[in-house]
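Student: Please go through this structure with me step by step, with the cut-offs behind each term.

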Amino acid sequence: MWSGFLTLLALVLGGLLWRARRRVAALATEHTRLQQTMETDRHRHTEALAREQAQQAALFDSMVEGVLVLDPKLKVRLVNPPLERLLGVAREVRGCAIMEAFRLHDLEELVNRTVRDGQIGNFELEVLGKERRSLEVNSALILDRQGDSLGMILVFHDLTRLKQLENTRREFVANVSHELRTPLSLIKGFAETLLTGAKDDPAVATRFLQKIEKHSDRLSFLIEDLLTISRLESGQLQLHPQSVGLHAAVQRVVEDLHGKAAEKKVLLVNQVPDDVRVHADAERLQQVLFNLLDNAIKYGHTGERVLVSAQPDAENRVKCSVRDFGPGLPPDAIDRVFERFYRVDRARSREQGGTGLGLAIVKHIVQSHGGRAWVTSELGKGSEFHFTLPPA
């Protein structure tokens, strides 16, 4: 009897033990699966966080605006590359105070005002470095739901180019007004003199009418040059490039200016080889050559020569040069001589009757052909104006 009971007990205990082992194995498997799921979720969360941080970094880095983020203690937390370029930051500044990082008292003042007012807009900041920059800064505190400060964000907009364009526009309007006012005043003065009795003297009337005609022509030339440069700058001037013989083009301009050159006893010499051909708009090429040769005659010394030459350059383009033997240009004028209305000697230029736009038109026409224009000069030894064009 006891033997049967023990056998039955052993069977029951064995069944329980087997079930327990199966349960333990199932729990171990479930635990392993949960661990794997948690590891997968953690990995996915890490990847998602990394992607989000990468996207944020890419966003900050690709912005045109500069971005500065400060921590609650007003130390630098983040500076994006555009701001590093704008402020000339060349070292690690994270964790630094504003003055330590940027050495800008106005920026420190803006941060202090933002702490006091919560937000500041359209703050103008001038930065002096390799080049002067004008910046507009908008700043705001970063607050949590309870209203406690988490730091500050400042966004910098570069207004340097807009300021330069505004100054150029203002200077252009002032120059045009002055250039128009001078001949108009003279025309009005001569006309009033004629009306008050000078018309009754044929000799005086003829002389005054010739003056009126001269200054009317000056106005016409100025307006035509203004329209030309406006069309060039806006891209509205249509070019019709073709194969043009440079020697023949120079020769036509030499013949057109022969009378003017003869008055100053200036010899125009065409040294361009007969076989040089360029890919250019023939009419605009004539305008470039005319302006350069006319300029050389005006400002060269009486009895000297003006040489026109051409040769291939290192970029497989044709470089044409117009050399005079006049007084030359001072160093500070070399970089500005192609600007609109820029004159080295204003009194002499107006006496010569120029509009002040000839070289600006040359530069824009050449650039429209994919070339460039520049000048080399030495005081007392003359100037040489160069421009390049694509070969035919």
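Student: Which elements each supply at least two residues of the lining of the largest cavity?

Tutor: This is a predicted model, in which local features need pLDDT of at least 70 and side-chain atom pairs count only at pLDDT 80 or more, while totals for chains, interfaces and linings use all residues. Residues are numbered from 1 along each chain as its sequence is written, and side-chain values use heavy atoms, without hydrogens and water. With elements taken as DSSP runs numbered from the N terminus (helices H or I, at least four residues; strands E, at least two), those that each give at least two residues to this lining are α9 (282-299), α12 and β12 (382-389).

Student: What is the volume of the largest cavity?

Tutor: A cavity is a set of points on a 1 Å grid over the protein atoms alone where a 1.4 Å probe fits but cannot get out, and lining residues have an atom within 4 Å of a point. By this rule the count is one cavity of 30 Å³ or more, and Ala 280, Leu 285, Val 288, Ile 365, Val 366, His 369, Phe 387 and Leu 389 line the largest cavity. That lining divides into seven nonpolar residues, one polar and no charged (Ala, Val, Leu, Ile, Met, Phe, Trp, Tyr, Cys and Pro are nonpolar, Asp, Glu, Lys and Arg charged, the others, Gly among them, polar). The volume, meaning the space filled by probe spheres on points joined across faces, edges and corners, is about 40 Å³.

Student: Which element gives the largest share of the lining of the second largest pocket?

Tutor: The second largest pocket (an open set of points with protein on both sides within 12 Å along at least five of seven lines) has a volume of about 400 Å³. Of its 15 lining residues, Leu 165, Thr 168, Glu 233, Glu 339 and Arg 340 are the closest to the centre, and two or more residues come from each of α5 (160-195) and α12 (358-368). The lining holds four nonpolar, four polar and seven charged residues. The largest share, eight residues, comes from α5.

Student: How are α5 and α6 oriented to each other?

Tutor: The axes of α5 and α6 come within 9 Å and cross at roughly 160 degrees, axes being lines fitted to C-alpha atoms over the stretch in contact and angles running from 0 to 180 degrees between N-to-C directions. The contact of these helices divides into 17 nonpolar, four polar and three charged residues. Since angles over 145 degrees count as roughly antiparallel, under 35 as roughly parallel, 65 to 115 as roughly perpendicular and the rest as oblique, α5 and α6 are roughly antiparallel.

Student: Which hand has the crossing of α6 and α12?

Tutor: Helix α6 (residues 202-234) packs on α12 at about 30 degrees, with the axes 10 Å apart, and the two are therefore roughly parallel. Asp 225, Thr 228, Ile 229, Leu 232 and Glu 233 in α6 meet Ala 360, Ile 361, His 364, Ile 365 and Ser 368 in α12, contact meaning heavy atoms within 4.5 Å. These contact residues divide into five nonpolar, three polar and two charged. The crossing (left-handed if the near helix is turned anticlockwise from the far one by less than a right angle, right-handed if clockwise) is left-handed.

Student: Which residues of α9 meet α7?

Tutor: The axes of helix α7 (residues 246-256) and α9 come within 9 Å and cross at roughly 50 degrees, which makes α7 oblique to α9. The crossing of α7 with α9 is right-handed. From α7, Leu 246, Ala 249, Val 250, Arg 252, Val 253 and Val 254 take part, and their partners in α9 are Leu 285, Gln 286, Leu 289, Phe 290 and Leu 293.
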